[in-house]
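Please open the structure in your viewer and keep the sequence beside it, ready to select residues by number. The tour below moves from one selection to the next.

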Amino acid sequence: MSITINLGVVDTDYSIIGDPDTTTGKVAKILEKEYGVMAGFVNKVEDDVTKKVLAYFSKGEWDDFAKAEVKDYLEEQFFDYIFFEQAKRYSDYSYKIPTMAAQFGWSSIKKEWTGVPRPSFMDTETYLKSFTVWYE
């Protein structure tokens, strides 16, 4: 038996910037192209996730509960990866800023435009909330 663990985002619009054509899916593609977000995340957690899944399989416990635990682990690790590793890595404002929200300083926490450019990873609430895990 084999399983595939998929990571991605639920495609929702970024209505905050007034462009209904901008979606989390498009933003995720930009972030992957510019920063390799998902690839870097997979490299970081792949061994730990493999061990967790194999432990469940070896006990014959790969069920909905086990899948939920692995999904929760991945979501927690993804949050930490974005905020504690990627944000720190790209905190230099001179680094290329690919998203419009970052260029014009949208703050999803304050729900306002600050006008101060920021790295894309510094305000990723919509992107993080759209992160999802599914199995095949």
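What follows is a walk through a pocket, some aromatic rings, the salt bridges and a loop.

Before selecting anything, note that this is a predicted model, in which local features need pLDDT of at least 70 and side-chain atom pairs count only at pLDDT 80 or more, while totals for chains, interfaces and linings use all residues. Residues are numbered from 1 along each chain as its sequence is written, and side-chain values use heavy atoms, with hydrogens and water left out.

**First stop: a pocket**

Select I3, I5, L7, V42, V45, E46, V49, T50, V53, L54, F57 and L74, which line the second largest pocket. A pocket here is an open set of points on a 1 Å grid over the protein atoms alone, where a 1.4 Å probe fits and protein lies on both sides within 12 Å along at least five of seven lines; lining residues have an atom within 4 Å of a point. The space in this second largest pocket is about 190 Å³, a volume being the space filled by probe spheres set on the grid points, which are joined across faces, edges and corners.

Now colour β1 (5-9) and α2 (37-58), each of which supplies at least two residues of this lining; helices (H or I, at least four residues) and strands (E, at least two) are DSSP runs, numbered from the N terminus. The largest share of the lining, 8 residues, comes from α2.

**Second stop: aromatic rings**

The whole structure holds 7 aromatic pairs, that is, rings of Phe, Tyr and Trp (its six-membered ring) with centres within 6.5 Å, counted as stacked when the planes are under 30 degrees apart, edge-to-face when over 60 and tilted for the rest. Select F41 and F78, whose ring centres are 5.1 Å apart and whose planes stand at 80 degrees, so this pair is edge-to-face. The pair links distant parts of the chain, with F41 in helix α2 and F78 in helix α3, 37 residues apart. F41 is buried at 0% relative accessibility, and F78 is buried at 1%, where buried means under 20% relative accessible area, exposed over 50% and partly exposed in between (1.4 Å probe, protein chains only).

Next select Y56 and W62, whose ring centres are 6.2 Å apart with planes at 55 degrees, so this pair is tilted; both Y56 and W62 are buried.

Which ring lies under the charged end of K52? Select Y73: the charged end of K52 sits over the ring of Y73, 4.5 Å from its centre, the rule being that NZ of Lys or CZ of Arg is within 6 Å of the ring centre and within 35 degrees of the ring normal.

A salt bridge is a side-chain nitrogen of Lys or Arg within 4 Å of a carboxyl oxygen of Asp or Glu, and the count by this rule is 2. Select K71 and E75, which form a salt bridge at 2.9 Å, N to O; they lie 4 residues apart in helix α3 (residues 64-89), separated by about one helical turn. K71 is partly exposed, with a relative accessible area of 27%, and E75 is partly exposed, also with 27%.

Then select K59 and E61, whose closest N and O atoms are 4.0 Å apart in a salt bridge. K59 is exposed at 54% relative accessible area, whereas E61 is partly exposed at 36%.

**Last stop: a loop**

Finally, select D13 in the loop between β1 and α1 (24-35), where D13 is partly exposed at 42% relative accessibility.
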